[in-house]
Every structure is written in C-alpha cells, then in structure tokens.
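Dear colleague,

Please find below the structure that I am handing over to you. My findings follow it.

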Amino acid sequence: MTLDLSFKELVDAAANPNAATGRPLLVAIDCIDEDPDQPRRNFSEQELEELSQSIGEHGVLQPIMLRRSNEVGRYVIVMGARRYRAAQRAGLREMPAFVQDVGLPDRYGQMIENIQRDDLRAPEIAAFIADRLDAGDTQADISRRLGKPRDWVSRYASVQSMPEFLRARLEGSSIRALYELYQAWRTHPDEIERLCATQDSFTDAQARQLARDVRAAAQNESPAGPPRSERCHLLPEAVLPRPAAEGRGAATDDQPPKVRVVSQSAASLAIRVRYQNRAGQLVVDRLATQGSRHAVVLVDGADHAEEVPASALTIEEILSR
C-alpha cells in the first residue's frame, strides 16, 4: 500500500512530525510573533522573572496556542504571551505549541482565556469592550459571548464616558466603585471631582458612602423654602398603594384620577432595582404607559428608560439623592 501525499503535505509532515498525533509541536521562538491586538497589554515584571526561572529549570509545561501568520513560516500567538516572553527571557530557542487551523484571530477566545486566568486589568477589559462596541457588537452580544452578566458589561462600557479623573483611578479601584462614583458624578460633577482629588483609590463601600454623602449634602443645601417634612409632591394614585375598598370613588372617563399628597422625602429617594440580571434605577416621577402593573426603569448603561412588569423587579437598595 502506498501513501499518496502531495509535495506540500510531505513538507508539512517533515516539519511537523507530531501534527497528526495530537501532541504539541516544537516551534522556533524566532518564528513566533505576538498579536498586537490581544486584550492583555501589561505584564508584571516580577511574574515574568519568576516564570522565566521556572521555565529555565523545568521547561514550558503548558504549550501555548498559535495560529498561522499571513507571512509564510511564521505564527501569531493566540494564547500564551506571558509564557512566550518568559521562554525568551530564559534563553529557549523553541517551545511547545498547538497550532490552530483557522487563520483569523478569535478576540473573544483570547478575552475569555485571560478573564478565566484573572490576568487582565480593568483598563484592558474596558478597552476590549469599547473596541467590540465600536465594531458593532451590542452589550447583549458581549455579555452572551463572554458569559458575563449584562451589568458587568455595562459597568466597563461606561468607562469610555467617564471623566479623566475617574478613569485614572481604575487601576487601583474596582469597577463597581468607579461606576458608583460615575453615577454620582453625572448629577454632582463638581463635588465628586473635589472629593476624589483627596484619594487615589476606592473600595466598593467607600464609593457607595461617598456617593451617599454627596447626594445628602446636595439635598440639604437645596434653595430655602418650607421644611422638607412640610413640602409635598403630587403623584397619581396609580403609583401609590390602593385602599382596601378598591372600587369606592374610582376614577371614570369623566373624572380625572385622584391625587394624593405624599412627603417630598419619598420622592427624593433613589431606588436601585434589578430586572432579568440587569441592574438599574426605578424612575419614580414617571408613569408607565402600559398601566400601574408596569414600572419605568433606567437600566445601567442604557440611553433610554424602558417599561417592565413591576412584579419582575427586585429592589436592591434605597439611597437618598
């Protein structure tokens, strides 16, 4: 029995004797290039040095992933840039690698691999999401493909809209903390910027408290008038609890709805809610057009409020504006 191999297949078989066995190939390091568009941009010098020493002693224990370059005989890293850099530093001339058949980069695959390893910094995640949004992907697309909640994507998507002084604190603060400060900055920009100038990083709890303090101070400094307890705010009855005798005195087509007087303090609360794994804020000064069984919610990161069934909402936090 003879083998019918083309000249190209013979060359590939000679160059890559392990390709058909499922084992990694040994690829010359000089033939490998890093992907300039990979999500990860920064590498810890200490971690590289430690990994380099380990590779020098034990070799590369986990092969990297490559794809073929448009340039003949060269490869581009899909996953494993840190191992590649450490192997270079250790003086290796070749390293084990699996080579993908596809030629196009998988941006989401690279991102998922780095997220699972917890290797990415917050600015790198924000840059990736901004790039995907610019490419035409929606936040729902990104959430689905990364396997992350919508509110996680929304927080990072908001980074490109944040003022520079908040973006500068992304390295040392969690994305939740920065998003909390960003929401407060949208209504109290001067106060948030002034307070952030005294602190380089924030925990989630610090950011929440600072936002509460700013909103409370703004409320107490409102223009002079009757005491807050004496002010009133008119809301249609549809948004208030109904009395036990529902039908008594109900509005008709010829009668406008009844109006109740409620304390202004109730209208000065920010009610944080969750709907279908998405976080947002209840719009308390607007009625849903679909009736009293629906509520108006501004989902975090969205440009417009939407009407959702009130029974599907979960109240998570009630804050003073």
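Apart from its neighbours within four places in sequence, Ser154 is in contact with Gln139, Tyr179, Asp300 and Gly301. Please note that the model is predicted. Ser154 belongs to helix H7, which covers residues 150-157. Ser154 counts as buried because its relative accessibility is 3%, and the cut-off for buried is under 20%. Between Ser154 and Arg278 there are 124 residues of separation in sequence, whereas their C-alpha atoms are 9.1 Å apart in space.

Helix H7 also packs with helix H5 (residues 122-134), at an angle of about 95 degrees and with the axes 8 Å apart. H5 is therefore roughly perpendicular to H7, since angles of 65 to 115 degrees count as such. On the H5 side, the contact is made by Ala122, Ile125, Ala126, Ile129 and Leu133; on the H7 side, by Trp152, Val153, Tyr156 and Ala157. This contact of H5 with H7 has 9 nonpolar residues, with no polar and no charged ones.

A second pair is formed by helix H9 (residues 175-187) and helix H11 (residues 204-220), which pack at an angle of about 10 degrees with their axes 8 Å apart. H9 is therefore roughly parallel to H11, as angles under 35 degrees are classed in this way. H9 contributes Arg176, Ala177, Glu180, Leu181, Gln183 and Ala184 to the contact, and H11 contributes Asp204, Ala207, Arg208, Leu210, Ala211 and Arg215. The residues of the contact of H9 with H11 comprise 6 nonpolar, 1 polar and 5 charged.

With kind regards

Definitions and conventions:
Residues numbered from 1 in each chain as written. Predicted model: local features only at pLDDT ≥ 70, side-chain atom pairs only at ≥ 80, totals over all residues. Heavy atoms only, no water. Axes fitted to C-alpha atoms, helices over the stretch in contact; angles between N-to-C directions. Helix = DSSP H or I, 4+ residues; strand = E, 2+ residues; numbered from the N terminus. Parallel < 35°, antiparallel > 145°, perpendicular 65-115°, else oblique. Contact = heavy atoms within 4.5 Å. Nonpolar A, V, L, I, M, F, W, Y, C, P; charged D, E, K, R; others polar. Buried < 20%, exposed > 50% of the residue type's maximum accessible area, 1.4 Å probe, protein only.
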